[in-house]
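My entries follow in the order in which I made them.

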Amino acid sequence: MPDEPPDPGLPDPKEVEELLLGGRLRYTRVDAVRLSGVTREFSGRVWKAFGYPSMPDEAVAYTEGDVAALTRLRRLMDEGVLDEDSVVRMVRAFGQTMARLAEWQINLLTSMLRGADPGEAPSAEAIRSIVEIADKYLDDFEPLVVHAWRRQLAAAGTRALASAATRDGRESDPDAPAARSPITVGFADMVSFTQVSRELEELELARVVERFEETASDIVASCGGRLVKTLGDEVLFCAEDPAVGAEIALSIAAAVKDETEVPDVRVGVAFGPVLPLMGDVFGTTVNRAARLTSLARPGTVVIDAELAAELRDVPAFQTTRIVRRPVRGLGIIQPYVLRRMSANGSRPSGPHT
């Protein structure tokens, strides 16, 4: 059966692909390997890590930019900056991050265009408008991506330096194995999200989730913490300073409570060492923070004993010990309710008292 002719109302797919790639598709995989000087196996690992589909060796599917990327990666290995496994891990981080960014941008553009319903496939007119915008403004968008990356890289580097300085200051035995510095980790979880998802239309639900994520991410950034990831009805954040982590938690709970379109949140926060990996954090501290959300009432913040001890002498906050609870996988823990200290220094009223 012959291929159906392309829709005359739509741009040519190959032309759009080459426009967005910034160059003509002119090389096969064999060509790209030969010109970049890498092995076939390495190129395969790199393309998979980037998230590219597998292509037959004879398919003309690569640009000058693809060859240049392989060449740069080979140079990093030749100069001893990274080994092959580290290159693949780095590429995977880029690929996964950029895949989400690209989908987000396309969804944003289609939803902005007249007549484009985010719940349906974009019209031919919307596609043509997107291509026109890309053709005219892609060179303006690209530096913004690099700028945001450099800003985040600078922030991450500064956090790493501060963490190293703190660790060095705490180590009394130079021969002792290095311990991971403790940080504050928090989860904010929307209450009754399953019920809300059943009651709202898909578009309305998407707006609720987006508003929640916007509110939480703005607060985390303004306070000086880091938004680790968003999970629809839940966000994970962390902060080097316990007081900053406490401020983020209370601010998110208060801000969401004022949002008429977003359900209240429960917030659980813990303090301790974590394992950072691929931009995420893992370990018992993270698990403890997640479990603490189930102990919090809507609109409140519950913290662990470790964070309560760190905040004991911070006048802005008050911690109230509540009943010890068993939590799955962690045994019996001692939770505390976190509140702001009132202006007159008295104990605020509210849930858990």
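**Entry 1: α2 and α4**

I began with helix α2 (residues 29–36) and helix α4 (residues 64–78), whose axes come within 9 Å and cross at roughly 40°. The model is a predicted one, in which local features need pLDDT of at least 70 and side-chain atom pairs count only at pLDDT 80 or more, while totals for chains, interfaces and linings use all residues. Residues are numbered from 1 along each chain as its sequence is written, and side-chain values use heavy atoms, with hydrogens and water left out.

I noted how the terms are set. Helices (H or I, at least four residues) and strands (E, at least two) are DSSP runs, numbered from the N terminus. Axes are lines fitted to C-alpha atoms, for helices over the stretch in contact, and angles run from 0 to 180 degrees between N-to-C directions. Angles under 35 degrees count as roughly parallel, over 145 as roughly antiparallel, 65 to 115 as roughly perpendicular and the rest as oblique.

α2 and α4 are therefore oblique to each other. Their crossing is right-handed, meaning that the near helix is turned clockwise from the far one by less than a right angle. On the α2 side I found A32, L35 and S36 in the contact, and on the α4 side V67, L70, T71 and R74; contact means heavy atoms within 4.5 Å. These residues divide into four nonpolar, two polar and one charged. For the classes, Ala, Val, Leu, Ile, Met, Phe, Trp, Tyr, Cys and Pro count as nonpolar, Asp, Glu, Lys and Arg as charged, and the others, Gly among them, as polar.

**Entry 2: α3 and α4**

At what angle do the axes of α3 and α4 cross? I read roughly 110° for helix α3 (residues 40–50) against α4, with the axes coming within 11 Å. That makes α3 roughly perpendicular to α4. This crossing is right-handed. α3 brings F42, S43, V46 and W47 to the contact, and α4 brings D66, L70, L73 and M77. By class I have six nonpolar residues, one polar and one charged. L70 of α4 is in the contact with α2 and also in the contact with α3.

**Entry 3: T28**

I next looked up T28, in the loop between α1 (13–21) and α2. Is T28 buried or exposed? T28 counts as buried, at 13% relative accessibility; buried means under 20% relative accessible area, exposed over 50%, and partly exposed in between (1.4 Å probe, protein chains only). Leaving aside neighbours within four places in sequence, I found T28 in contact with D57, E58, A59, V60 and Y62.

I106 has its place in helix α5 (residues 84–112) and is partly exposed, with a relative accessible area of 39%.

R211, in helix α8 (residues 202–223), is partly exposed at 33% relative accessible area. Which residues does R211 touch, not counting those up to four places away in sequence? I listed E259 and V262. V262 is 51 residues from R211 along the chain, and their C-alpha atoms are separated by 7.3 Å.

**Entry 4: S192**

Most residues other than glycine have a negative phi. S192 is not a glycine, yet I read a positive phi of about 55° for it. S192 is found in the loop between β1 (182–190) and α7 (193–199), and is partly exposed with a relative accessible area of 42%.

A308 is buried, with a relative accessible area of 6%, whereas E310 counts as partly exposed at 39%. Beyond four places in sequence, A308 touches I303, T319 and Y336; the C-alpha atoms of A308 and Y336 are separated by 6.9 Å. With the same exclusion, E310 touches P242 and F271. The C-alpha atoms of E310 and P242, 68 residues apart along the chain, are separated by 6.6 Å.

**Entry 5: the chain**

Last, I took down the totals. The chain has 11 helices and 11 strands, and buried residues make up 34% of its 353 residues.
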